[in-house]
Amino acid sequence: MKLIIFKKDIQVDSDSAVCQKGKPYIISDGFLQQIKDNFSEDILEGIHPFVENKDKKYNGQDLTNKSLVVWRTGGMGDLCFITPNLRHIKETYKNSKIYFGCGPRFKYGMMNHPYIDNLITIPIDYELIDKCDYYLMFEGIIENNDQAKTMNAYDLFQNAFGFSGKFINKNPCLGISPHHEKKQNDLLRDFLKKSNLPLNIPVVGLGLKASHIIRSIPIPYLQKIIYIINRLGCVVSLIGSKDDKDIAQLLGSKDNPLVFHQYKNSEDYRDAIAHISLISGLIGPDSSAVHIAAAFDKPIVGVYGPFPSKLRLAYYKNCSGFDINIACGPCFLHGIETCEYSDVSSKEPACMHSHNPELIVSEMINLLKSTNIEFPIAQPAPMGYQPNLS
Amino acid sequence: MTFKPNKGANFLGGPKTEISDDQIKHMINELGTVINNQGELLKKFGSKLSEVMFKMSKMDEQLQMQRVAIRIQTDRFNVAMKTIISLGIIDSDIMNICAGLTENKTLPITSDGKINSFVSLSRYNTSEDMPRPEGAT
């Protein structure tokens, strides 16, 4: 973590607030490197180590009539891991005030959060540390922490808040934008009507990818999952962002009347959250979609490879995780590292190629049935892609 | 899958040639025990491969072989190891790795390129009386 000062006013990202020249900002080493890469070191007047203030660092103190600034540079999933603690604070300490900081892209996912008073983007204005009673950050909590190989992510974050030993509802908590909820509802209804499908047909979300290929479900497996779900007479919703267009094209489901292309209508995380809140259940790799679905108690089937699903999913309701027992695993590769056993062209790791789409869908059906969702009579799959399921 | 050395380069000082699938299979068969026990080797020393490759790149007369090996490595690491060893390009590092091959671990990828693994299912906060899909442990 560093303290930086800019030479001039600068907006480090189109989705972030303007950083003012001469003012100190707190930034993670990774994000600082991005700034250096995207701009130039010349825009920085100074880079200094961030010295922790032990008196202000939050560790479970009483927050009644107090304020806390908390931030995390990671993705949407990481932000979900934090949310049970925000709920606990707000439900426990009267008049507590939470400032929440995250990456510019992810602020949309936290915009309607019921337990956040002020949403800010990184870099964090250092003056806020002075202004607030306490601060908390989570640098390296998963990335450089051996405990993360055995402890569930929700426990890691709860401990970081100083709440270890306390009973906290660990289900994540997110807010829905009413505008985006209506938009997504209209889009899904229009699709079902256009496809002459009943409005109560089960819609199973399918996470198109994780933030890295090492945790993503390989394309042929996504294709098989879609095929089997369609065979059961259910709709598949391809969940992702507009950036996932290339993956969706590879699936060959452009004209499939039982596939809803949610990613096309996803401007930001508000769309993804609103849509996921409307669907019947979700199948996905270790990605934000899975954790968002948990916030709405949706049936979830997580498809895991490099590390065990229990490290992320253990507290989710109505949730199952598929893991791979393989000699090279668990390797805990998570980000930019390359798997030694990856496929030459796709770079997909061997473990993610070991999954069984039939089992994955079968488990989703089990979960959906347990929530009393009615299934239509199985109907032939639409024309087009028909994978070899042998 | 066939690996072709660059045009004009000598292959281990011999005639211009290429490594075919059959040749690789032959090498794999010859290596037998070593191959069947390298699961642990790969876990321990996988990250060393680039180092080994770098050292090999310093061997002028075997430069072409090194290129071939790198191409194989990008496909399947264990096949690369087998090929390197079987072709006699073994420096002290690789010899040490081979000497450590005592534990009988299962290879993540078998010699014919199939993935050696099985799927397990964990249910979280879900009714235990649900039927378990056939095939999941």
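Here are some exercises on this predicted two-chain model, each with a worked solution.

Residues count from 1 along each chain as its sequence is written, and chains are lettered from A in the order in which they are written. As this is a prediction, local features need pLDDT of at least 70 and side-chain atom pairs count only at pLDDT 80 or more, while totals for chains, interfaces and linings use all residues; side-chain values use heavy atoms, with hydrogens and water left out.

**Exercise 1. Work out which strands flank β14 of chain A, and whether β14(A) is buried or exposed.**

Step 1. Find the element: β14(A) covers residues 319-326. Strands here are DSSP runs of E with at least two residues, helices are runs of H or I with at least four, and both are numbered from the N terminus.

Step 2. Look for partners (two strands pair if DSSP finds at least two bridges between them). Strand β13(A), residues 300-303, runs parallel to β14(A) and is joined to it by 4 bridges. One pair to click on is I300(A) with C319(A).

Step 3. Check the cover. Buried means under 20% relative accessible area, exposed over 50%, and partly exposed in between (1.4 Å probe, protein chains only). In β14(A), 7 of the 8 residues are buried, so the strand is largely enclosed by the rest of the structure.

**Exercise 2. Describe how helices α2 and α5 of chain A pack.**

Step 1. Read off the geometry. The axes of α2(A), residues 76-92, and α5(A), residues 153-160, come within 9 Å and cross at roughly 55°. The axes are lines fitted to C-alpha atoms, for helices over the stretch in contact, with angles from 0 to 180 degrees between N-to-C directions.

Step 2. Classify the angle. Under 35 degrees is roughly parallel, over 145 roughly antiparallel, 65 to 115 roughly perpendicular, and the rest oblique. That makes α2(A) oblique to α5(A).

Step 3. List who meets whom (contact means heavy atoms within 4.5 Å). From α2(A), the residues include F81(A) and N85(A), and from α5(A), they include F157(A) and Q158(A).

Step 4. Stay with N85(A). This residue is buried, with a relative accessible area of 1%. Beyond neighbours within four places in sequence, N85(A) contacts F157(A), Q158(A), F161(A), F163(A) and I168(A).

**Exercise 3. Track down some loop residues of chain A, starting with G60(A).**

Step 1. G60(A) sits in the loop between β3 and β4 (67-71). Its C-alpha atom is 8.7 Å from that of A160(A), 100 residues apart along the chain. Leaving out neighbours within four places, G60(A) contacts Y93(A), F161(A), G162(A) and F163(A).

Step 2. In the loop between β3 and β4 you'll also find N65(A). Phi of N65(A) is near 60°, a positive value in a residue other than glycine, and N65(A) counts as exposed at 54% relative accessibility.

Step 3. Next comes N196(A), in the loop between α6 (178-194) and β9 (203-207). Phi of N196(A) is near 55°, and at 70% relative accessibility this residue counts as exposed.

Step 4. Finish with P123(A), in the loop between β6 (118-121) and β7. The peptide bond from I122(A) to P123(A) is cis, with omega near 5°.
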